[in-house]
Amino acid sequence: MKSIAIIGAGVGGCTTYLFLKKHLSPHIPDLEIHIYESYPPPPYLSRSHPKSPSGPLDDIEERPNLHSNPTTNVTTALGGGLGLSPNGIRVLKTLDPEIYARIKASSYETDTFGLQVSSGRMLGSFPAGGKRYGNGTMIIMRAALHDAVLEKVDQKDISFERKVKSVVDGVEKAKIEFENGETVEADFVVGADGVWGKTRQAIPESAALKAEYDGLVGIGAFLDEKTTRNILAELKDKKNVVLPKSVMTMTFGPSAFFGTVLDVSRLNNAPSKDGIPENKDLDRELPFAGWWSTFPMDPPPTSKTPFSDVKGKVLANHKGWTPLITALIENSGVGGSGEVTHVLPRWITPNLPKWTSASGRILLAGDAAHCMPPDSGQGVSCAVEDAMTIGLLCEAIFVVKGGEEATDQDKLKKLCDLYTKLRKPRCEYIVAEARKRGDMKRELNVVEQTIRNVVMWAMCKIMPESMMDAFYSYDVETEVKKALNGETPAFKGKGKVVVKDE
């Protein structure tokens with residue numbers, strides 16, 4: 001194998017590149033691995049980038065789940081914030097300790113999520129990781145995580161503003177055609193181009209399945225220090241206001257859900273002058289507060305819908321909820337420095353019959369293969385697990401260690417078969433679990449609300465420490481070794497994680 005093309009420079013595409021460079025390139029010195037991205041580069045990369053044409057990108061198609069406009073670049077297109085789970089954190093730590101250090105410094109880390117009802121009554125705490133798994137969950141701006149991996153990609157190996165028109169499977173090569181008329185051939189193509197990507201069209205069994213709106217919309221904001229301090233000062237004089245003890249609190253009501261990220265201790269320790277942060281690099285500064293609301297909305301807004309158009313709807317859905325929730329919504333979208341707002345209709349891909357092409361030359365990864373509902377908290381973690389799996393399998397299959405040499409065609413088919421066995425059952429299990437969680441955020445009658453609240457209260461009281469093993473204990477390297485040895489790989493993690501020395 002001489003050439004690998006990766007379509008999409010999101011977190012999944014960049015980590016796939018980095019794992020291939022780590023595990024395959026040292027053994028195949030002349031191997032070319034190249035990323036093709038439809039968006040322009042982020043501002044901190046030079047506009048004279050050798051693989052990026054000058055001028056703005058025209059005619060950006062509407063992409064639900066992406067905050068896009070005619071000046072959008074690959075980083076700002078990635079939306080708001082996310083929770084990076086312990087299993088995903090371990091993958092990134094294995095990939096590059098510098099990436100791990102960067103995201104750790106740019107995130108809140110928590111071992112628990114607080115659960116409450118709309119009145120503010122606490123139901124308990126839900127595990128978000130901790131010593132058993134090596135890390136808690138890191139709450140991070142998606143753009144900050146993306147920066148951390150994108151900056152590790154050699155600039156000569158990435159072409160921006162290359163919008164894919166089609167991908168065609170072939171016995172000898174796979175062919176990529178771009179909308180500007182250019183074409184590229186590669187021995188192996190990884191489609192990390194998301195839920196609306198074109199790579200899936202090269203796999204006939206899955207090409208006809210389209211993303212579906214799941215009936216819920218996610219709307220939220222991330223606020224700077226000054227706005228957050230003003231909110232807390234406003235609440236200080238109100239009666240019966242209890243600030244959350246957990247960094248992240250999840251609030252469930254009759255017809256909506258509200259998540260809050262607020263670290264009061266950080267505010268108490270943050271150096272500032274008149275409520276203005278001393279760090280002026282606001283694009284990368286971790287917000288001091290964040291929130292997101294999930295509720296049914298039909299027809300859905302688009303990702304281009306201004307926050308001001310839906311702010312009233314959000315307030316109406318959370319009328320009578322805790323004073324903190326009301327204050328967070330009211331103080332969003334008012335133009336605070338460093339503020340980020342987002343409107344994200346939730347689009348979900350049905351389980352795809354196949355993730356790989358007949359020749360084995362095309363493979364789907366990340367959201368292109370399994371668009372996770374955000375309720376899973378596993379979207380990015382599963383994408384980087386995919387990337388590590390691809391890197392380890394390629395090293396094991398393409399690096400000859402004695403014995404009879406197989407053809408590249410046979411190796412690619414083996415790679416795709418093992419990748420499917422390893423990743424498809426796990427991701428489909430997580431999607432199914434996430435959909436159950438999402439159902440708790442839809443409109444419920446009084447009886448259904450009571451049952452939901454009692455179940456969550458009981459889980460917080462009696463849930464064993466191992467409750468989240470299936471998600472958090474999963475070890476990519478262990479399962480890849482099983483698959484290579486002909487054993488059936490597990491799709492759930494099990495047991496306490498053995499933390500390697502940093």
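Axes are lines fitted to C-alpha atoms, for helices over the stretch in contact, and angles between them run from 0 to 180 degrees between N-to-C directions. The views below are taken from a predicted model.

**Figure 1. Packing of helix α6 against helix α9 in the predicted model.** Helix α6 spans residues 225-236 and helix α9 spans residues 323-330. Their axes come within 10 Å and cross at roughly 140°. Angles over 145 degrees count as roughly antiparallel, and the pair α6 and α9 is therefore classed as oblique. The crossing of α6 past α9 is right-handed. On the α6 side the contact is made by Ile231, Glu234 and Leu235, and on the α9 side by Pro323, Leu324, Ala327 and Leu328. These contact residues comprise six nonpolar, no polar and one charged.

**Figure 2. Packing of helix α2 against helix α3.** Helix α2 covers residues 86-95, and helix α3 covers residues 97-105. The two pack at an angle of about 135°, and their axes are 5 Å apart. This angle makes α2 oblique to α3. Ile89, Leu92, Lys93 and Leu95 of α2 meet Pro97, Ile99, Tyr100 and Ile103 of α3. Seven nonpolar residues and one charged residue form the contact of α2 with α3, with no polar residue among them.

**Figure 3. Packing of helix α1 against helix α4.** Helix α1 (residues 11-23) and helix α4 (residues 142-150) have axes 9 Å apart, at an angle of about 25°. Angles under 35 degrees count as roughly parallel, and so α1 and α4 are roughly parallel to each other. α1 passes α4 in a left-handed crossing. The α1 residues in this contact are Val11, Cys14, Thr15 and Leu18, and they meet Leu145, His146, Val149 and Leu150 of α4. By class, the contact of α1 with α4 has six nonpolar residues, two polar and no charged.

Figure 4. Ala101 is partly exposed, because its relative accessible area is 45%. The C-alpha atom of Ala101 is separated by 9.5 Å from that of Ala148, although the two residues are 47 residues apart along the chain.

**Figure 5. Cysteines Cys14, Cys394 and Cys416.** The structure holds zero disulfides. For Cys394, the closest cysteine sulfur belongs to Cys416 and lies 8.9 Å away, which is too far for a bond. A disulfide would need the sulfur atoms within 2.5 Å. Cys394 counts as buried because its relative accessibility is 0%. Cys14, one of the α1 residues that meet α4, also counts as buried, at 0% relative accessibility.

Figure 6. His342 is buried, with a relative accessible area of 7%. Apart from neighbours within four places in sequence, His342 is in contact with Gly80 and with Gly218, Ile219, Gly220, Ala221 and Phe222.

**Figure 7. Overview of the whole protein.** The protein contains 14 helices and 20 strands. Of its 502 residues, 57% count as buried. Among contacts in the protein with a separation of 6 or more, 77% are between residues 24 or more positions apart.

Conventions. Residues numbered from 1 in each chain as written. Predicted model: local features only at pLDDT ≥ 70, side-chain atom pairs only at ≥ 80, totals over all residues. Heavy atoms only, no water. Helix = DSSP H or I, 4+ residues; strand = E, 2+ residues; numbered from the N terminus. Parallel < 35°, antiparallel > 145°, perpendicular 65-115°, else oblique. Contact = heavy atoms within 4.5 Å. Nonpolar A, V, L, I, M, F, W, Y, C, P; charged D, E, K, R; others polar. Left-handed = near helix turned anticlockwise from the far one by under 90°. Buried < 20%, exposed > 50% of the residue type's maximum accessible area, 1.4 Å probe, protein only.
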